[in-house]
Every structure is written in C-alpha cells, then in structure tokens.
Amino acid sequence: MSHPSTTRRRGRAATVVSWVLQVLLALEFLAAGLGKLLGSQVTVDMFAEIGAGQWLRYLVGALEVAGAVGVVLPPLAALAAACLAALMVGAIITDVAVIEESPVVPAVVLVVAVAVAVLRRDDFPALRDRLRRSG
C-alpha cells in the first residue's frame, strides 16, 4: 500500500487509475511470460522466426513474469513498469524489423507501462528524480 502522503499528493483518482493499469499490466505480462516459459507453440514458433534461439524465449518469459510480480508491489512498481516498457521497445523493434508484424499491441502495452511508471514515480525515488530532471 502507498504511503498516505504519497496517496494525497498523487490524488485518489490517479491512485485508482494506477492500480487498474498495474493489475492489467501484471495480468498481460504474467500470461505472456508463462506462455513463453511453458513453451506454447505460438511462442516457440515466434522465437524460431526471430532466429536468436529458444534461450531468448526463456529470458523474455522470465523477465515478463518478474515484471508482472514487480508491477503490483508498490516499492517496485515504477521500476518494474519502466523495465517492462524497455522490453516493449525491444518487442516493437523486433515486430517491425525482424518478423514484420504490426507493432500495435506492444505499442499499447508500452504506453500503459510508461503510464504506470509515471503514476508510481513517487514510490521509487530514483525514477522520480530522473523523471523530474527530464520533464
């Protein structure tokens, strides 16, 4: 749970929106990560097409599951969301440059992950300070 002063600063509506986005992001990445780790045929075929080897499927799956857990833990939510956003940048590049698929889904997930990172920035001082300096 957020610290009371953080909740007051951010506002109750922003906190509710943040939690809804966090849960949706966690569910998306948990499902995607487990599919990769358990070797669903779709993910096996996709990573074969990428050509980097199945080890990358396991790595991405593990990162997705870790991110799904982290994004619902308030002290880690901003950092986990930022890391998941970086993962989605890689997915977008791979979709466009390697497997020639539409990057719409990872782009939407990227926007949600960035929104969570920004909404939860006060829970993670290092990210908060970096966002304040750049914005």
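A salt bridge is taken here as a side-chain nitrogen of Lys or Arg within 4 Å of a carboxyl oxygen of Asp or Glu. In the predicted model, the side chains of Arg 120 and Asp 123 meet in such a salt bridge, with a separation of 2.8 Å from N to O, and both Arg 120 and Asp 123 are buried.

The structure holds two salt bridges, one of which is formed by Lys 36 with Glu 64, whose closest N and O atoms are 3.1 Å apart. Lys 36 belongs to helix α2 (residues 12-37) and Glu 64 to helix α4 (residues 54-70), so that this pair ties together parts that lie 28 residues apart in sequence. Lys 36 is buried, with a relative accessible area of 9%, and Glu 64 is likewise buried, its relative accessible area being 4%.

With regard to aromatic side chains, a search of the whole structure finds zero aromatic pairs. A charge does, however, sit over a ring, in that Arg 57 lies over the face of Tyr 58, at 4.3 Å from the ring centre.

Ala 78 is located in helix α5, which spans residues 74-97. The relative accessible area of Ala 78 is 0%, and this residue is therefore classed as buried, the cut-off for that class being under 20%. Although Ala 78 and Leu 119 are 41 residues apart in sequence, their C-alpha atoms are 7.8 Å apart in space.

Conventions
Residues are numbered from 1 along each chain as its sequence is written. This is a predicted model: local features need pLDDT of at least 70, side-chain atom pairs count only at pLDDT 80 or more; totals for chains, interfaces and linings use all residues. Side-chain values use heavy atoms; hydrogens and water are left out. Rings of Phe, Tyr and Trp (its six-membered ring) pair if their centres lie within 6.5 Å; planes under 30 degrees apart count as stacked, over 60 as edge-to-face and the rest as tilted. A charge sits over a ring if NZ of Lys or CZ of Arg is within 6 Å of the ring centre and within 35 degrees of the ring normal. Helices (H or I, at least four residues) and strands (E, at least two) are DSSP runs, numbered from the N terminus. Buried means under 20% relative accessible area, exposed over 50%, partly exposed in between (1.4 Å probe, protein chains only).
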